[in-house]
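Student: Could we go through this structure together, from its strand pairing to its overall build?

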Amino acid sequence: GVVAVIQKDAQFLVIRRSQHVVAPGKLCFPGGGIEAGETQEIALRRELQEELSVKITPQGKLWENVTRRQTRIHWWAASLCKGSTPVANPHEVADIYWMTREELLENEELLEGNRDFLKQC
């Protein structure tokens with residue numbers, strides 16, 4: 001999978017997962033699966049378009065880990081393209097937030113892999 005780490009000032013763009021996806025109601029960075037034939041960058045762009053209706057520019061890989069479910073996740077720094085404002089796709093995203101590292105780490109609903117990322121990077 002791929003994850004977009006988008007920052008504005010000292011805040012990160014995070015989502016609350018909808019009730020229709022794995023780990024419903026949890027907070028996490030936006031992203032998703034890599035489909036057959038996709039590069040990480042293409043998957044990242046597609047996932048952010050699907051989840052949040054935004055165009056992004058991948059800026060570089062930050063980290064890689066394997067989740068407790070044995071899924072390899074590629075963490076990418078990314079920026080929103082000019083004029084892109086996140087709008088939640090209700091099938092995948094319940095809410096959109098801008099949160100600081102401290103707010104995320106204090107939140108009990110943050111997915112553990114996201115917590116690991118924030119502690120490592």
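**Strand pairing and overall build**

Tutor: In this predicted model, strand β5 (residues 56-66) runs antiparallel to strand β6 (residues 72-80), and the two are joined by nine bridges.

Student: Which residue in β6 is the bridge partner of tryptophan 63?

Tutor: Strands β5 and β6 are antiparallel, and β5 covers residues 56-66 while β6 covers residues 72-80. The bridge partner that tryptophan 63 has in β6 is tryptophan 75.

Student: Which residue takes a positive phi in the hairpin of β5 and β6?

Tutor: The hairpin of β5 and β6 has five residues between the strands. The residue there with a positive phi, near 65°, is glutamine 70.

Student: In what pattern do the helices and strands of the protein chain follow one another along the sequence?

Tutor: The protein chain has three helices and seven strands. Read along the sequence, these elements give the pattern β-β-β-β-α-β-β-β-α-α.

Student: Why is the protein chain said to be as compact as a globular protein of its length?

Tutor: For 121 residues the globule rule gives 14 Å, and the protein chain is as compact as a globular protein of that length because its radius of gyration is close to that value, at 13 Å.

Along its principal axes, the C-alpha trace spans about 35 × 30 × 30 Å.

Terms used: Residues numbered from 1 in each chain as written. Predicted model: local features only at pLDDT ≥ 70, side-chain atom pairs only at ≥ 80, totals over all residues. Heavy atoms only, no water. Helix = DSSP H or I, 4+ residues; strand = E, 2+ residues; numbered from the N terminus. Rg over C-alpha atoms; globule rule 2.2 N^0.38 Å. Pairing = 2+ DSSP bridges.
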